[in-house]
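Student: I have a model open on my screen and would like to go through it with you. Could we start with the ground rules?

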Amino acid sequence: MSETVVTEKQTGTNQVKDTNQKTSAFRAILRYGKPHRLTFVLIFFCSLLGIAAELSQPYLIKIAIDDHLALGRTGLTFLIQIALVYLVLSVISFVFTYIQNNLLQYAGQNIVADLRKDLFTHISKMSMSFFDRRHSGSLVTNVSSDTETISSFFTQVLLSLIRDGMMLVMIIIFMFQLDVTLALYSVAVLPFIALVAVLFRKYLRETYQQARTRLSRLVAFIAENLSGMFLIQAFHQEKEQMKQFNEQNGHYFSANVRQIRSNVIFNRTFDILGNIALVLMVWLGGKAVLGSTLEVGVLYAFISYIRQFFQPINQITMQWNTFQSTTVSMERIWAILSTDPGIKEPSAKDAVSITSDDVNGRLDFKNVSFGYLENQSIINKLNLTVQPGEMIGIVGTTGAGKSTVISLLNRFYDVNEGSIEIDGTDIRKLPQETLHRIVGLIQQDPFLFSGSIIDNVRLFREEVTREQVIEACKFVGADSMIRRLSDGYDTHLSERGSGLSAGERQLISFARIVVFQPRILILDEATANLDSHTEQLVQDALSTVSAGRTTIVIAHRLSTIMHSDRILVMKDGRIVESGTHQELMELRGYYEDLYQHALEAGREAVYEERSRNDAG
């Protein structure tokens, strides 16, 4: 009994929480309309004038029938006057409806453009833990599809609420002006319409939400397969992936069909109600005309209004699904916008402002502990000092915590305990822009954007001149390679730099380092996928770029870090050995095991280095 009460209380609490979230999301998105308040006022008055002109037309015909034609006044002059007035009303209705639609589209598109910009900006500020929890396909759907749905709200739903709502009110006023009894019969159908809307509301929302969820999964699946197409073809997984695609596509298809079916039933229900009401009005009005209690012109105008009466109701109900989809999209977008970045900028009073020229490059890891999940520590009480200009090599098996240390230094994640300092300043006190200007990162697979080589080296920053880019490329030995390309430095690269070898992409990433001049340089497995010749080119570039900089190199290939000032061996999130290559070999510990394993794997560079050491 008590468990049932608790469950009911929890359910009630969750429902209140969901309602509050929906309300917060709706209010947050509607705030984007505040700068366009004047535009919406103009839209209101344009709608008012356009609708008044349109609804005056049946009343004008009623006057012509009852006050003139029924009395035998059929002069040509009068008919011409009526026709001209009718034409003027039509033109007025067209002009103001045209202006209203254009103003609404202008406001709606501006609102969505601002929303999309803020959403993309917010996503770009999120920490790596945020992207660990969310699929890229889902985020693509948020930025593209969900914002388009909100655009439909401002350009369709809002238009319907303003124009059709106003038309419905004015039609009721005109109908009561013509005949109170028939008007009351017409208004009596409104409770049935409200009942149908309430009954369908939850079902429509569930069908749309299911369709959107399955679309996000389909987009994420497609994005994942396109990124891994090389692997799929290499292992002949086309049939298996196609099977999974068909399954995902089938789920989305069935959800879409269910959503469309519910919309059709919903809209056709209102059509039936409208037709029933029209038949009822014709029957009642016809009896009144035959009984001489109602004029023919009044009946004509009333039938015109009753047909128009259900048109705005139908339009509003047809927008119900769009409104439902909008609320879902608003909640999804608000769920992102209301998520605080895991990595927060320091407050104005705590922020430390320094320039790259002021940085010596000393690094201090003080009792650093970190885990991606609670109760699952990756780094345990790490203490490490790196002197300015020192080159440190870090080795260890997969999962030892090497790349995690680099992620913490770049502040992709914040430490759980302890601190990381640059020249005595906690990196949490440095604005992220400053930190990333000080610390340069070259990864195993450097990312290149669609664009020219010039833009990829300077990362689209126009203040970096073409001459600076060329000088940087010459400095790292990439100039001759680039000039062999069809358009040289203006060669347009496709996504991720396809068409360039791994070594060529790495050389371009080294040129970036030279252009932006970070004081601390990090290489995360930068030579892992290179052949021995290309590795030598990259090693030469590394020697050139690392001169005068504090450098940390993570490597599987021991040949990459043998000449480092110090080599750190990591295991289970701890530094278990430290020293030069020779000192570590003399320890005959974990590093020697890694070295022997490298020899057994046929590492040519390591073998040559051992031969030189033996000869010495």
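Tutor: A disulfide here is a pair of cysteine sulfur atoms within 2.5 Å. The model is predicted, so local features need pLDDT of at least 70 and side-chain atom pairs count only at pLDDT 80 or more, while totals for chains, interfaces and linings use all residues. Residues are numbered from 1 along each chain as its sequence is written, and side-chain values use heavy atoms, with hydrogens and water left out.

Student: How many disulfides does that rule give?

Tutor: In general, a disulfide is a covalent bond between the sulfur atoms of two cysteines. With the distance rule applied, the count of disulfides is zero.

Student: Is Cys473 buried or exposed?

Tutor: Buried means under 20% relative accessible area, exposed over 50%, and partly exposed in between, with a 1.4 Å probe and protein chains only. Cys46 has 10% relative accessibility and counts as buried. Cys473 has 0%, so the class for Cys473 is buried.

Student: Which residues of helix α6 are buried, and why do they sit on the same side?

Tutor: Helices are DSSP runs (H or I, at least four residues), and strands are runs of E of at least two, numbered from the N terminus. An α-helix has 3.6 residues a turn, so residues three or four places apart point the same way. In α6, residues 180-187, the buried ones are Leu182, Ala183 and Ser186. They share a side because they cover an arc of only 100° around the axis, taken from the directions from the helix axis to the C-beta atoms.

Student: Which residues does Leu103 touch, leaving out those up to four places away in sequence?

Tutor: Leu103 belongs to helix α3 and is partly exposed at 22% relative accessibility. Its C-alpha atom is 10.0 Å from that of His36, 67 residues apart along the chain. Counting contact as heavy atoms within 4.5 Å, the residues Leu103 touches are Thr39, Leu42, Ile43 and Cys46.

Student: Where does Gln517 lie?

Tutor: Gln517 is not a glycine, yet its phi is positive, near 50°. At 40% relative accessibility, Gln517 is partly exposed. Its place is the loop between α17 (502-516) and β9 (520-524).

Student: And what is the phi of Asp572?

Tutor: Asp572 sits in the loop between β11 (566-571) and β12 (574-579). With a relative accessible area of 53%, Asp572 is exposed. Although Asp572 is not a glycine, its phi is positive, at about 55°.
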